[in-house]
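Good morning, everyone, and thank you for making time for this short talk.

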Amino acid sequence: MEKYDVIIIGAGFGGLACGITLSREGFKVLVLEKERSLGGCFQSFRRGRYILDTGIHYVGSLSEGQIMHQYFKYYGIADKLKLLKLDEDGFDVIRFGDGREFRHAMGYERFIDTLAADFPDEVDGIRSYCDTIRHVGNMISPEVLRSGHISSGGMEYMGRPIYDEICRCTGNGLLRNILAGSNTLYGGEKEKSSIYEHAMVNHSNIEGAYRFVGGTQHVADAMVDVIRANGGEVRTLSAVTKIHLEGPKAEYVEVNGEERIACDWLISAIHPSLTLSLLENNSVIKKAFFTRVNSLENSYGIFTTYLLFKPATVPYINRNYYLYRREDTWDMHLDYRGYNVPAVLMSMQPGKDIRYCDVATLMTPMFKEDYARWENTLSGHRGPEYLEFKQAMEERMIEFVSSHFPEFRGNIEKVCSSSPLSYRDYTGTPDGSAYGIVKDWHNPMVNHLPPRTKIGNLLITGQNLNLHGAIGVAVSASVTCSEILGTEYLTKKIGNA
């Protein structure tokens, strides 16, 4: 039986980050991916001449000296990234159905001044909000890494609601909704989302938000190249079908129902409930823990419509638009049976001529009850009713967005779409959840899982540990790998890369 120092299940961003980290340290690493494509949410796919991104549309803290740039520098790919910095005067625009729009600007003073121009009586409240966001966001930084820590804190803010914090800062209802305007970027919910979750996402974008140019797949491909250059292996079409335990440790994994590969360490970068379902000969993890993990709520999914524009017809806008039918940026539950779209996050991808947009990606929240009737089907085999459902959603999303951008309608060459079920099938996330396990502030100790399991050499990583998105998963990967390498040793290497 072939043996590796470390086997990693899943070649999404978290699995690849762990693969780079451990292969750099001389470990014999094998990354196993069940799909044909690598990268998870960083996957891109082609439709003719167009490149479409799966799940990453912009990333924050990517300027020199900021935390995400530091991680990419450590991974050895910072100089390989094709980046475009978003508009500093308004990287995100919150726009309501009546045409009013408000900007989230880059840099805290610019952010404050821009909103204060629309709310001159709320300067103190806007500044108080920014003080909180910046304080929490700075708990992960290159300086913290260089001090030998992954984070300088945060648990206190995981147990406090962001909605209450925003209300503390301002009594202005409109401003409250604008400050929460990027909710759809991280699955924000009024009753559940914490200050920590909101702050980490928004701080990173206020610091320095960038779009990947030419498709996000190049990020994953660059990471794979580094792993292989370090002597590691990355295999596709290699589904782990069983994790065999001997006593308190994982002895080997079974791949595609036949091949057995042994390991000293096993890291699962897939959903914890899927990881538990693979265990064979388990006498370590109690049934109560299985029940607990399987009962954790997953976030909603995303229905995505891609507008593929005719060449050189639609000007590229270097901003993201959060379009809301109503002024309430928290309420995502509207009438899907009537295809009444409540909110759309629109992100543009420039073409080779950066003056023009190749693809506009339209994303709207979608809950399981809206697609549950097809949950036992696979992509390409869901029947005519499903296709009618998708086409109706596409049309309503185009109709909604075209009310803000009327030039879109006449310049569309082709329309593509994907439902949360498509996302589930290609990324392996239960129910097509976009953001993994819901991080409910009421009980953070339950829904923030540790990297260690009761199985001595089995670790978990990914967005279900700490936070979703590139930054959250990078941090989670470092937390996981520090269980093998030691926290102080690893963080100082990352911080000083």
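In this predicted model, the largest nonpolar core is made up of 131 residues, and those with the most contacts inside it are F13, M68, F72, Y75 and F408. Helix 17, which covers residues 469-485, gives the most to this core, contributing nine residues. There is also a second, separate core of 23 residues, and L32, V253, V255 and L278 are among its members. As background, nonpolar side chains in soluble globular proteins tend to be buried together.

Let me turn now to helix 2, residues 67-75. Eight of its nine residues are buried, so helix 2 is largely enclosed by the rest of the structure. Those buried residues are I67, M68, H69, Q70, Y71, F72, Y74 and Y75. What do they pack against? Their partners are helix 1 (13-24), helix 5 (142-146), strand 8 (210-212), helix 11 (217-229), helix 17 and helix 18 (487-495). Just after helix 2 comes G76, which takes a positive phi of about 85°.

Returning to F408, and leaving aside its neighbours within four places in sequence, we find it in contact with L307, F309, V314, M346, M348, A360, V401 and S402.

Finally, please look at S418, which is found in strand 18, residues 412-418. Is S418 buried or exposed? Its relative accessible area is 18%, and because buried means under 20%, S418 is buried. Beyond its neighbours within four places in sequence, S418 is in contact with I302, F303, T304, Y306 and K390.

Notes. Residues numbered from 1 in each chain as written. Predicted model: local features only at pLDDT ≥ 70, side-chain atom pairs only at ≥ 80, totals over all residues. Heavy atoms only, no water. Helix = DSSP H or I, 4+ residues; strand = E, 2+ residues; numbered from the N terminus. Buried < 20%, exposed > 50% of the residue type's maximum accessible area, 1.4 Å probe, protein only. Contact = heavy atoms within 4.5 Å. Core = buried A, V, L, I, M, F, W, Y, C linked by side-chain atoms within 4.5 Å.
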